[in-house]
Amino acid sequence: MTLPTAAPPADVRLAHCLLDAQGTVLSAHAPDLPFYAASTIKLHVLLAALRAADEGRLDVMAEVPAARTFTGIDGAPFTLGGDHLEASHPAEGTAVPVRELLVRMIDRSSNEATNQIAELIGLPAIAALIDSLGLRATRMERLIGDGAALAQGLTNETSAADLATTMLHAVRPGPGAALAREALGAQRIPVIATALRSDVPWGSKSGWVDGYRHDVAHLGEPADPDLRVLAVMTGGLAQDEADQRIRDLVRELCGDLAA
């Protein structure tokens, strides 16, 4: 079974934002254009969860039963299935540490882990994190696969500028930064990194659904003053073409790091 996500765009759209370690914009095109976020919204969920842990509202070492059934916006349960499931995710009811859910949400883009973390901290906590970072185009209004919420027009959106800013905050020194860097550096579905030399340190969060392909990555060690963060968002392209456009942009903007 394939659960609903979002309608693909009718036109081709591309946007990017490249920041330095201080957050200065080095290059941008349509950086504030909102896109359906796909799995890049999981980066915001991660930061909200790490903030909750720092404030004592979430114990990342606690174990919880793995779940794939969640509560929709209408109060009714819905169960993830089909393409929404990640093959290696623990079986429903299996005890799993919250910390592992956070990593799985990023490194293999587990929808089950994402929804479970979002339910543990609540969508208002994610909205508060988004607001505190000053993000202008980002909103997470529903859990992944919540058809009732989608029918009401609720969605998850972000922009290239917001993604780049969020990544920069994720890897800067601070509570939870080590966990964030670990998860981002273990990324199993990279796009930007496939255009980099093998000796360039990186961490990323990509996203894809029909018609949308995005990636955001830090290029270089987080403590390096030459650190750069690149976010690229695409709409209206097949995945292979979108990936090639992203790699071409990496070579154009960060040629000194490119393979």
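**Ground rules**

I number residues from 1 along each chain as its sequence is written, and my side-chain values use heavy atoms, with hydrogens and water left out. As the model is predicted, local features need pLDDT of at least 70 and side-chain atom pairs count only at pLDDT 80 or more, while totals for chains, interfaces and linings use all residues.

**Entry: Ser159**

I started by locating Ser159 and found it in the loop between strand 9 (156-158) and helix 6 (160-171). My helices (H or I, at least four residues) and strands (E, at least two) are DSSP runs, numbered from the N terminus.

Is Ser159 buried or exposed? Ser159 is buried, because its relative accessibility is 0%. I call a residue buried under 20% relative accessible area, exposed over 50% and partly exposed in between (1.4 Å probe, protein chains only).

Next I looked up its neighbours. Leaving aside residues up to four places away in sequence, Ser159 touches Pro31, Asp32, Leu33, Ala137, Thr138 and Met233; contact here means heavy atoms within 4.5 Å. I also noted that the Ser159 side chain reaches the backbone nitrogen of Asp162 at 3.1 Å.

**Entry: salt bridges**

How many salt bridges does the whole structure hold? My search found 15, each being a side-chain nitrogen of Lys or Arg within 4 Å of a carboxyl oxygen of Asp or Glu. I wrote down a few of them.

- Arg13 pairs with Asp11, with the closest N and O atoms 3.5 Å apart. Arg13 is partly exposed at 22%, and Asp11 is partly exposed at 42%.
- Glu92 meets Arg68 at 3.6 Å, N to O. Glu92 sits in the loop between strand 6 (77-79) and strand 7 (95-97), and Arg68 in the loop between strand 4 (63-65) and strand 5 (69-71), so this pair ties together parts that are 24 residues apart in sequence. I have Glu92 as partly exposed at 47% and Arg68 as partly exposed at 33%.
- Arg251 meets Asp248 at 3.8 Å, N to O. Both belong to helix 8 (residues 239-253), and because they are three residues apart, about one helical turn separates them. Arg251 is partly exposed at 36%, and Asp248 is partly exposed at 38%.
- Glu86, Glu100 and Arg104 are linked in a network of salt bridges.

**Entry: helix 7**

Which residues of helix 7 (residues 177-185) are buried? I listed Ala177, Leu179, Ala180, Ala183 and Leu184. Seen down the helix axis, the buried residues fall within an arc of 160°, so they line one face of helix 7; I took the arc from the directions from the helix axis to the C-beta atoms. The buried residues pack against helix 1 (41-54), helix 2 (98-107), helix 6 and strand 10 (202-209).

I then turned to an open sheet of three strands, ordered 3-9-8 with antiparallel pairing. Strand 3 (35-36) and strand 8 (139-140) are at the edges with a single partner strand each, so one side of each has no neighbour in the sheet. Two strands pair if DSSP finds at least two bridges between them, and strands 3 and 9 pair over two bridges in the antiparallel sense. What is the bridge partner of Phe35 in strand 9? My note says Thr158.

Note on methods. A polar contact is a pair of N or O atoms within 3.5 Å; within protein, one must be able to donate a hydrogen and the other to accept it, and residues adjacent in sequence count only if both atoms are side-chain atoms.
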